[in-house]
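This report describes a protein structure, with attention to its charged side chains and their pairings.

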Amino acid sequence: MSKNTHNPALPLWGRVLIGAALGVGAMLGVGWYFADRLVHVRPVRRKAYPTRVLALEEGHGHTHVTLTSTPSTRRPGSLILEWQTPGGTRYAQLGPLLRGNSAGTVRELRETDAPLRLGQRVRASTIGRGTPAQRGMPHLELSIPGDHGPMPAWLVPPVTPAHPVRAGAAQGGTPTLAQAAGTDWVIVTHGYGGLRQDALRILPTLVGPQTGGLSGGLGLTALVITYRNAEGAPPTPERKHRLSAEEWQDLEAAVQFAVEHGARRILLFGFSLGAGISLAFLRYSRLADRVTALLLDSPPLEWRALITHHALRYRVPIPFVLSRVVAWLTVVKSKQDFDAVDHLSVRDTFRTPMLVVHGSIDKTVPVAQVESFVHARPDIVEYHRFEGAQHERAWNQDPARYEAAVKTFVQRVLDTPQATHTTGPQRPEENHHA
């Protein structure tokens with residue numbers, strides 16, 4: 001007679017241990033993935049959707065342009081169009097989205113340097129493409145010596161009143177470094193995964209001819225830089241971003257370059273991570289006292305809180321635990337120093353005047369983090385909140401207001417006698433805050 005045999009049931013404590021091990025393994029796997037996404041260097045890929053001009057409507061002194069409906073043309077705020085002609089690249093700026101559906105999107109034409117044609121193929125972007133020269137600003141392609149090799153940069157000298165900024169216009173040949181000597185410089189730093197082209201929106205305001213009031217530009221020399229691991233710049237051996245803990249050294253090299261080539265006064269203009277790099281420069285650089293003021297667009301100020309913010313944003317399981325796992329694994333993978341890039345906790349140490357602009361619906365850097373900084377330092381910070389603006393899109397939301405804020409701030413700080421703004425550089429390891 002056969003006997004039924006049964007494997008003994010796994011005890012409850014065994015099942016609990018197995019479940020816990022699987023849970024921990026899953027948590028580490030997910031954390032490892034997000035830690036890698038946070039600091040791993042990846043090529044910049046900005047998809048250019050096929051876009052055509054579907055209709056041009058004239059009326060009441062306005063021209064309305066209907067474009068193919070794409071993710072780019074559906075974005076809120078101002079839109080930039082570029083297209084090729086036998087005479088070179090042409091440019092147009094469109095206003096905010098008026099209406100749209102799957103058949104097309106409609107915006108008002110604000111300015112253009114060449115007529116748009118029905119059926120015209122265009123490249124639509126909220127940031128911009130091309131070079132300063134294609135926007136009527138002659139520039140010099142150069143390299144800034146850095147710790148990991150030469151870093152590509154644009155030098156854009158002030159545009160003269162005789163040759164105002166005009167997109168697509170030839171402006172008399174390649175400039176020289178000598179033209180920039182004795183002028184005030186602004187060094188522009190792009191953000192995480194950004195490009196030098198991100199500065200094209202504001203360059204006409206920075207380098208345009210001074211005409212008095214807010215009608216012209218600021219007449220500055222602009223140095224638009226890249227930094228280690230960015231597109232076109234030399235990589236580090238680890239190919240990991242350090243979230244401003246080391247990138248500030250490349251900004252220091254750019255400031256040194258400006259000093260050596262006759263810069264009178266120096267401003268720093270940073271977008272997103274570029275703004276964080278500018279703040280790290282103030283904290284750690286021996287050249288911090290050479291900088292007159294900072295202009296910060298969408299600055300990330302404390303990365304551990306940002307990791308938690310994105311865990312909540314994407315509704316990952318147990319977000320507060322996972323965010324700590326991601327932060328810990330980021331330290332393991334890249335030796336990231338989160339205290340060195342916590343610019344929020346050292347806000348009381350800054351002495352340099354700052355302009356901060358931020359969008360109210362920024363999903364990358366929440367406005368609450370930025371406002372905790374600016375409201376604590378009204379003595380040095382001029383703050384402009386742009387309602388309805390996304391990350392790095394305050395200019396797009398209201399170009400005239402953005403440009404006026406930049407001009408007014410720069411004119412004020414340059415008209416003020418320069419004082420010693422900093423408390424002295426500290427190396428990252430000497431400035432930890434838990």
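## A salt bridge across the chain

Arg264 has a relative accessibility of 52% and therefore counts as exposed, the threshold being over 50%. In this predicted model, the side chain of Arg264 forms a salt bridge with that of Asp184, with an N to O distance of 3.0 Å. Arg264 is in the loop between helix H3 (248-260) and strand E11 (266-271), and Asp184 is in the loop between strand E8 (149-156) and strand E9 (185-189), so the pair ties together parts that are 80 residues apart in sequence. Asp184, at 7% relative accessibility, counts as buried.

## Other charged pairs

A search of the whole structure finds 18 salt bridges. One of them joins the side chains of Arg304 and Asp339 at 2.9 Å, N to O. Arg304 belongs to helix H5 (residues 303-313), while Asp339 lies 35 residues away in the loop between helix H6 (319-334) and strand E13 (354-359). Arg304 is partly exposed at 28% relative accessibility, and Asp339 is buried at 15%.

Asp379 and Arg377 also form a salt bridge, their closest N and O atoms being 2.7 Å apart. Here Asp379 is exposed, with 57% relative accessibility, whereas Arg377 is buried, with 5%. A network of salt bridges links Asp147, Arg228, Arg242, Glu246 and Asp250.

## Overall architecture

The protein contains nine helices and 14 strands, and 54% of its 434 residues are buried. Of the contacts between residues at least 6 apart in sequence, 73% join residues at least 24 apart.

Note on methods:
Residues are numbered from 1 along each chain as its sequence is written. This is a predicted model: local features need pLDDT of at least 70, side-chain atom pairs count only at pLDDT 80 or more; totals for chains, interfaces and linings use all residues. Side-chain values use heavy atoms; hydrogens and water are left out. Helices (H or I, at least four residues) and strands (E, at least two) are DSSP runs, numbered from the N terminus. Buried means under 20% relative accessible area, exposed over 50%, partly exposed in between (1.4 Å probe, protein chains only). Contact means heavy atoms within 4.5 Å. A salt bridge is a side-chain nitrogen of Lys or Arg within 4 Å of a carboxyl oxygen of Asp or Glu.
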